[in-house]
Amino acid sequence: MLKSGLSKALLSALIGLFFVVSPTFAKGRYSHYALGDLAAATPSPVSGGLLLMGGGDRNHDAMRWFFGKAGNGHIVILRASLGPEIGKEFYNELGGIASAETFVFKDRAAAADPKILASLKRADGIFIAGGDQSRYVRYWKGTEVEDILNAHVAAGKPLAGTSAGLAMLGEQLYSAAVGSIKSHEALADPFGAANTIERDFLNLSLLKGVVTDTHFKERNRLGRLFAFLAKAQAGRAAGLPPMLGLGVDESAALAVEPDGSGRIYATAPDGGAWLVDGTALRDLPTTGPLVAPRIRVVGIGAGSVVHLPSGEVENPVFTRAYAAHGGKISEVPLWSIAIHGGAGVIDRGALTPEKDAAYRAGLDAALQAGGAVLGKGGTALDAVAAAVRVLEDNPLFNAGRGAVFTAEGRNELDASIMDGRTLKAGAVAGVTRTRHPIDLARAVMERTPHVMLAGPGADRFSAEQGLEQVDPSWFRTEERWQQFQAWKSRQQAAALDPTHPFGTVGAVALDAAGDLAAATSTGGMTGKRWGRVGDSPIIGAGTYARNGQCAVSATGSGEYFIRESAARQVCDRVAWRGESLSDAAKATIAAVGAIGGDGGLIAMGADGRSAFAINDLGMYRGRMAAGGAPETAIYADETLKD
């Protein structure tokens, strides 16, 4: 009997040691489960780190990383629903830890229970499970549990969260206080009451300035993360950097070392994380749907390294740009460039097949030059200059070599360039010796306090700046000379080249940083007199760029473009009237036409989409975007994607 009684007592003690349900803790406030020896020494040193899990099946390698950070010691699991399942998985299936202890909170009062607090304080690693993050906020905010979680991480101990347990770890968090919001709902009303952004909860230095989300790719949550960032940054001090959004796929876990470097563990080949740059999501209107033309998103994969909280990503899986408008999001080009080579082609019979092909090849070469700059991460300003230089060297176009002649038989060249980021601009008029007038316009912008230089002074400045000088004969071509001779003898427009009466070249571009730029260059009009200057070097008439709005380069009867402030007008229509870029471009050309002007323009939007508008003439034109091939067109009935 005694022997039997001892055996039962021993068995009972062993069960209590390895699996405990503790009704003495609870009184309805929480449940407690434990596996392992809670009193055992921690086998290995403990070091800090964060394990950010997307909410699906737990990657075993990621969990072993977390256990290793916890010294393979005592893991405390926090929940607000369900029971001991995760503890059993950790202790029985994965193994390698001294104990797995689970607390399931049922109300806020449990956050003051001394036994829970004692377990949390001695924990080597804390794992916050999924469920409903609104419960975590209600139960823990302003309690000692919150303080202990912050102190745990600050002391160099690891913390993990999955699903709701990850969603609550950022500096600001979506609390789901009125139910889980979907992307289309959040995009439709990002500042509304349903988008419940919580502040002043946890304070984890590695997630400073970060908002997190989970089940990311699988539940199409990119749109709502945009909305989270927009609301989280409302009223954010201008001196603070933009916040970041971090979404983790269900099949992935991001393991972040104490130095902030994070790597992906994934159970699926395409599992990873998404980093959203909140720059474009600051200071937005607080009513209506989310409107943002360009939001940068970087993919973090198994071969990537992300640095938190800065958000720098080494070897990203992708870098994309998205636009938000009308309650929806769409991917837009990471970079884009559009060019024109002048207007004037009336019908397909005006060019021989050989001339048609030559023009298209020239446009293609200019697009390739600008695209090469942008594809290597270069600036929009460098890209438009590179594209225009190619056109200035091509005698088919009326800019640089191949420019038309003045009434005095000279080549006098005009050019301008504008930086949409800084609103700085430079222009030159009537220059005669600079091989690339666009480079001289840029030098005016960057090396002088002025916007425009003209005539001999501009020539002298060019030489002083060391820009490439050529003899004026460099610009002369026999075809242009013969056109000039015909003009001299007949003094009428019919003597001009009917395929190219408005021979200006230009480029507009958006780079990967979201900056816009525009550039225009021309030889002007055949037979121009008295130092005539058209719209090409006039900022706001032939050239304009402003970040967040658009970039424009025009070609045509310049006096009319000047009178309509055509280039600036396009951007104003976008900014102040809310017109689409395509509609704004077409309306502006219609306004030019209404007062007697002919020609066309190209425009680039803040989202990287381009627009082309022609006033009943053809226009040599083309476009190219990241990941795509150059597209060119000449005739009015040819279409390029707007």
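## Two loop residues with positive phi

Let's start in the loop between β9 (197-198) and β10 (210-213), where Asp200 sits. This is a predicted model, and in it Asp200 has a positive phi of about 60° although it is not a glycine. Because the cut-off for exposed is over 50% relative accessible area, Asp200 counts as exposed at 66% relative accessibility.

Trp530 is not a glycine, yet its phi is positive, about 55°. With a relative accessible area of 80%, Trp530 is exposed. As background, most residues other than glycine have a negative phi, and most peptide bonds are trans.

## A cis peptide bond

The peptide bond joining Leu308 and Pro309 is cis, with omega at about 10°. You will find Pro309 in the loop between β16 (305-307) and β17 (312-314).

Now to helix α11, which covers residues 353-375. Its 23 residues, at 1.5 Å a residue, should span 33 Å, and the end C-alpha atoms are 32 Å apart, so the two values agree.

Which residues of α11 are buried? They are Asp356, Tyr359, Arg360, Gly362, Leu363, Ala366, Leu367, Gly370, Gly371 and Leu374. The elements covering these buried residues include the helix α12 (380-392) and the strands β20 (336-343), β24 (504-510), β30 (619-625) and β31 (631-633).

How values were computed
Residues numbered from 1 in each chain as written. Predicted model: local features only at pLDDT ≥ 70, side-chain atom pairs only at ≥ 80, totals over all residues. Heavy atoms only, no water. Helix = DSSP H or I, 4+ residues; strand = E, 2+ residues; numbered from the N terminus. Expected span 1.5 Å × (residues − 1). Buried < 20%, exposed > 50% of the residue type's maximum accessible area, 1.4 Å probe, protein only. Contact = heavy atoms within 4.5 Å.
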